[in-house]
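Student: Could we go through this structure together? I'd like to take it one part at a time.
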Amino acid sequence: YGDFNQKIDYVFKVVLIGDSAVGKSQLLARFARNEFSVDSKATIGVEFQTKTLVIDQKIVKAQIWDTAGQERYRAVTSAYYRGAVGAMLVYDMTKRQSFDHIARWLDELRGHADKNIVIMLIGNKCDLASLRAVPIEDAKEFAERENLFFMETSALDSTNVETAFLTVLTEIYRTVS
Ligand code: GDP
Ligand code: MG
């Protein structure tokens, strides 16, 4: 297959984790295909989507993995984390519980993934500002304490989606190049 892959300089695996319904699949749809759907169903049979981009004149293929409905505690298997060099740790900023579970997701991630993995904490659904249940200060404080990048995003109106993925991918690139 030499020729087919010739132009790709790097493949970076990035995993999406967090409670069910926080918007992981829609963040991926927005980033990979610039799509959004209101009644999203678990994508069956598709484990990841790819997007190829240029970072520092290198061709980087981002392979973004989605959980496909395995978000129950400990249902996400170690194969999911294997080889991941980046992670998006997603909560819904209108659902306090999804933020309270972040510490648990982070534990699981750190238990399974490479110790140099680049992690971005994401407060999704920031278009629903009037329903905010997680103060931005709480999230910032947590991210600083745990050494994570942090952004609030909206898969619905696109706020920060591209920026969040690009930040993680660029940081991964820095650590491997
Ligand atoms: P997942 O279970 O984490 O993959 O969550 P989904 O991506 O399936 O999204 C769950 C629900 O939240 C769906 O009804 C989405 O349309 C909705 N949703 C996802 N992202 C956003 C967002 O940024 N803003 C709003 N308002 N709704 C969103
Ligand atoms: Mg999903």
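**Talking through the model**

Tutor: Let's start with one loop: Gln-57 sits in the loop between S2 and S3. Keep in mind throughout that this is a predicted model.

Student: OK, is Gln-57 buried or exposed?

Tutor: Gln-57 counts as exposed, because it has 6 C-beta neighbours inside 10 Å, and the cut-off for exposed is 12 or fewer.

Student: And what is the phi of Gln-57?

Tutor: The phi of Gln-57 is positive, at about 65°, although this residue is not a glycine. Most residues other than glycine have a negative phi.

Student: What do S2 and S3 form?

Tutor: They form a hairpin with two residues between them, and Asp-56 in the turn has a positive phi of about 55°. Strand S2 covers residues 48-55 and strand S3 covers residues 58-65, and the two pair in the antiparallel sense over eight bridges.

Student: Which residue is the bridge partner of Val-54 in S3?

Tutor: That partner is Ile-59.

Student: Where does Ala-21 lie?

Tutor: Ala-21 belongs to the loop between strand S1 (10-17) and H2, and, although it is not a glycine, it has a positive phi of about 75°. Ala-21 counts as partly exposed because it has 13 C-beta neighbours inside 10 Å.

Student: Switching topic, which residues come nearest to ligand 1?

Tutor: Of the 17 residues around ligand 1, those that come nearest are Gly-23, Lys-24, Ser-25, Gln-26 and Leu-156. Helix H2, which runs over residues 24-33, gives the most to this shell, with three residues.

Student: How many residues of each class does the shell around ligand 1 have?

Tutor: Sorted by class, the shell has six nonpolar, seven polar and four charged residues.

Student: Staying with helix H2, why does Leu-28 count as buried?

Tutor: Leu-28, which lies in helix H2, counts as buried because it has 25 C-beta neighbours inside 10 Å, where the cut-off is 20 or more. If you leave out residues up to four places away in sequence, Leu-28 touches Leu-16, Gln-49, Ile-64 and Asp-66.

Student: What about the largest nonpolar core, how many residues does it have?

Tutor: The largest nonpolar core has 48 residues, and those with the most contacts inside it are Val-14, Ala-87, Met-88 and Leu-89. Helix H7, residues 161-176, gives the most to this core, with six residues.

Student: What is Leu-89 in contact with?

Tutor: Leaving aside neighbours within four places in sequence, the contacts of Leu-89 include Ile-17, Gly-18, Trp-105, Ile-119 and Leu-148.

Student: One more residue: where is His-112 found, in which helix?

Tutor: His-112 is found in helix H5, residues 102-112, and it counts as partly exposed because it has 18 C-beta neighbours inside 10 Å. Not counting residues up to four places away in sequence, His-112 touches Ser-78 and Tyr-81.

Definitions and conventions:
Residues numbered from 1 in each chain as written. Chains lettered and ligands numbered in written order. Predicted model: local features only at pLDDT ≥ 70, side-chain atom pairs only at ≥ 80, totals over all residues. Near = placed C-beta within 6 Å. Helix = DSSP H or I, 4+ residues; strand = E, 2+ residues; numbered from the N terminus. Nonpolar A, V, L, I, M, F, W, Y, C, P; charged D, E, K, R; others polar. Pairing = 2+ DSSP bridges. Core = buried A, V, L, I, M, F, W, Y, C linked by C-beta atoms within 7 Å. Contact = placed C-beta atoms within 7 Å.
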